Amino acid sequence: MRFAAALCLVVPFFATAQTPNTYVGSTTCRTCHPDVWLNFNKNPHYKSIASGKETPAKTGCEGCHGPGGNHVAAKGGKATIGAFSEFSPSQKLDACLSCHSKDVNRAGVRHSAHTEADVVCSDCHSIHKSPTPKFLLAKPQIQLCYTCHATVRGQFEMPSKHRVNEGAIQCSDCHNPHGNVAPNWRTGTSSRLIATSHDNEQPCLKCHVDKRGPFVYEHASVRVEGCETCHAPHGSPNARLLRRPVVFTLCLECHNGAGTFGRQNAGVRLQSASHNLLDPKYQRCTTCHVRIHGSNSDERFLR
Ligand code: HEC
Ligand code: HEC
Ligand code: HEC
Ligand code: HEC
Ligand code: HEC
Ligand code: HEC
Ligand code: HEC
Ligand code: HEC
Ligand code: HEC
Ligand code: HEC
């Protein structure tokens, strides 16, 4: 039935020569591109065709490739159809965004590190040959990202790490490959495509909920600079993903009396005179300051 309907669409077209170009409907494409058709019924883009409610300008093959009238009349050829193999990166982006500017924020994607490096939709998504029906990825996610970010793999093999290589969590738990919708909580610094979860908070908090607060006594560095001030998010040779092997050296980067900010306009407060750093006991700051991420009962995070 549907095939017949499509043929009816084609007929008037053949009668009216090359211009203007017209939409012919997806079933017309089947004859010459049976390989593409073979798998297409599993594709999310097939829905409109399957339902019989195809509006070729907006759905189906021609939703992406543009009107096929001239192409069919010419019996094929790349010049008569929207051929991605001939498109510039920005043409590819525009073709996809004509429908996806709601799910993939247009402003975010335009300014993402990927777009700026000419890495666009079809470099990560494969419409016709995806091995992962979900999200139509060109490769399973981890392989996809490591194709271009090979150096990151080693960071996830450090002694202390997030188990990404083991499949426990994914790059997209922390990153949004499409870029950010809005400047994130660290406005002004490079966004590193960090995904922001609800309320524009750090993605870390969606799993480490006990660090979310709000706390009566916040540790400014956790809230303002963010988790990666002290933690290497991918992996680290140090326990707890810490950036430094010895905790006190991390603390002293800020608690060194330098600067003129803070509650007493004297920079970040130094530890008090009672702290004798020659005594190894005092070097393990977090044995006493146990609520280092924030506390509800003590302004010095001692409990
Ligand atoms: C969602 C957008 C989209 C839809 C819908 C779509 N295509 Fe494609 N098509 C592409 C992209 C992107 C490429 C480039 C190769 C790739 O990334 O898979 C492509 C490539 C092709 C190619 C080149 C050969 C190849 O496999 O690379 C042909 C032929 C083709 N499409 C035909 C069709 C036909 C026929 C339909 C309808 C059954 C269709 N396309 C539906 C986006 C689409
Ligand atoms: C009469 C046969 C025929 C019909 C019908 C037909 N095509 Fe083609 N198509 C071809 C041929 C031949 C090529 C050229 C292949 C080449 O040059 O590698 C081609 C190329 C393409 C390409 C370019 C692939 C690339 O290399 O990027 C796309 C996209 C495409 N067709 C989509 C469609 C769509 C969509 C329809 C339905 C509207 C359609 N075709 C209908 C014969 C046909
Ligand atoms: C003509 C409109 C249209 C165009 C153009 C289009 N898409 Fe889609 N896309 C859709 C629709 C509709 C769906 C199905 C949404 C659903 O099932 O809720 C979809 C689904 C998807 C999905 C699957 C989402 C999921 O949740 O699994 C991906 C990925 C996708 N499109 C990528 C692309 C890419 C990449 C391009 C450009 C090559 C593109 N689309 C071009 C309309 C379009
Ligand atoms: C750097 C790789 C990359 C690029 C470039 C990319 N995507 Fe994606 N996309 C992904 C990954 C990975 C996912 C799956 C995310 C997940 O698992 O949550 C995804 C998911 C999606 C989804 C479904 C889920 C959602 O977020 O709504 C759609 C639709 C989509 N992409 C469309 C696009 C379009 C359109 C473009 C171009 C404007 C694009 N993508 C560019 C990697 C990419
Ligand atoms: C086709 C190659 C390619 C693929 C695939 C790819 N990327 Fe990228 N990515 C790049 C390029 C190029 C840049 C920009 C240059 C740079 O910073 O390395 C970039 C930048 C980034 C950045 C920002 C780096 C910064 O310094 O701000 C992050 C984060 C990132 N990619 C994560 C991912 C994730 C996660 C995936 C998998 C979903 C992925 N990329 C897939 C090529 C790719
Ligand atoms: C636990 C959260 C998390 C996961 C999972 C994660 N990242 Fe990251 N990634 C980050 C954060 C946070 C930064 C920013 C670090 C900074 O600014 O110092 C970052 C930075 C980056 C950068 C830019 C800086 C650099 O180190 O080169 C790239 C590229 C990157 N990540 C790629 C990936 C890839 C690829 C994956 C998956 C294999 C991945 N990330 C998984 C949180 C994560
Ligand atoms: C998708 C959930 C998820 C996200 C997002 C996430 N983590 Fe984790 N994190 C875990 C899990 C699960 C572990 C336990 C280690 C393991 O076996 O993977 C862990 C372990 C840790 C550890 C080490 C704990 C220990 O006892 O050694 C630190 C520190 C940490 N994460 C910090 C972060 C930071 C910082 C971010 C954001 C950049 C983040 N996490 C994002 C799930 C997550
Ligand atoms: C000022 C530095 C600093 C900042 C900022 C920081 N952490 Fe930590 N974090 C530490 C230290 C130090 C430890 C180790 C505590 C110990 O050994 O008892 C730790 C331990 C952890 C642990 C493992 C032990 C536990 O308490 O569960 C997780 C998970 C963690 N941090 C997550 C986060 C997250 C998520 C953020 C951002 C919201 C963050 N950290 C920000 C210093 C910091
Ligand atoms: C990125 C900088 C930074 C790092 C690293 C850092 N802090 Fe802080 N810390 C601050 C700031 C800023 C304040 C708030 C100071 C103020 O308001 O005067 C603060 C406050 C405190 C306080 C509360 C007492 C006070 O003066 O308000 C304690 C205790 C503390 N930090 C301990 C630590 C320990 C222990 C570490 C190491 C695990 C650490 N800090 C790492 C920046 C940092
Ligand atoms: C043996 C337990 C212990 C250790 C270890 C310890 N502290 Fe403290 N810290 C305290 C106590 C108790 C106070 C509050 C009383 C005081 O000021 O001595 C305090 C207060 C502070 C204050 C606030 C000072 C003020 O003027 O209010 C800072 C900042 C601080 N510690 C940082 C550190 C840093 C950085 C380290 C690691 C080099 C560290 N502490 C190690 C017990 C400890």
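View 1. The shell around ligand 3 is made up of nine nonpolar, seven polar and three charged residues, where Ala, Val, Leu, Ile, Met, Phe, Trp, Tyr, Cys and Pro count as nonpolar, Asp, Glu, Lys and Arg as charged, and the others, Gly among them, as polar. Of these 19 residues, the nearest are Pro44, Gly63, Cys96, Cys99 and Cys121, a residue being near a molecule if its C-beta atom, placed from the backbone, lies within 6 Å of it. Two or more residues come from each of H5, helix H7 (89–100) and H10, and H7 gives the largest share, five residues; helices here are DSSP runs (H or I) of at least four residues and strands (E) of at least two, numbered from the N terminus. Domain 1 (2–85) and domain 2 (88–174) each contribute at least three residues to the shell around ligand 3, with domain bounds taken from an automatic or database domain assignment.

**View 2. The residues around ligand 2.** Ligand 2 is surrounded by 20 residues, of which Cys29, Cys32, Gly68, Gly76 and Ala83 are the closest. At least two residues of this shell are supplied by each of helix H2 (27–30), helix H5 (60–65) and helix H6 (69–73), and the largest share, three residues, belongs to H5. The shell around ligand 2 contains eight nonpolar, nine polar and three charged residues.

**View 3. The residues around ligand 5.** Around ligand 5 there are 18 residues, the closest being Ala117, Cys145, Cys148, Cys171 and Leu193. Helix H9 (113–116), helix H10 (121–124) and helix H11 (141–148) are the elements that give two or more residues to this shell, with H11 providing the largest share, five residues. By class, the shell around ligand 5 holds 10 nonpolar, six polar and two charged residues.

**View 4. Asn43 and Ile127.** Asn43 is found in the loop between helix H3 (34–40) and helix H4 (47–50). Asn43 counts as partly exposed because it has 16 C-beta neighbours inside 10 Å, a residue being buried with 20 or more other C-beta atoms within 10 Å of its own, exposed with 12 or fewer, and partly exposed in between. Although Asn43 and Ile127 are 84 residues apart along the chain, their C-alpha atoms are separated by 7.8 Å.

**Notes to all views.** Residues are numbered from 1 along each chain as its sequence is written, while chains are lettered from A and ligands numbered from 1 in the order in which they are written. In this predicted model, local features need pLDDT of at least 70 and side-chain atom pairs count only at pLDDT 80 or more, whereas totals for chains, interfaces and linings use all residues.
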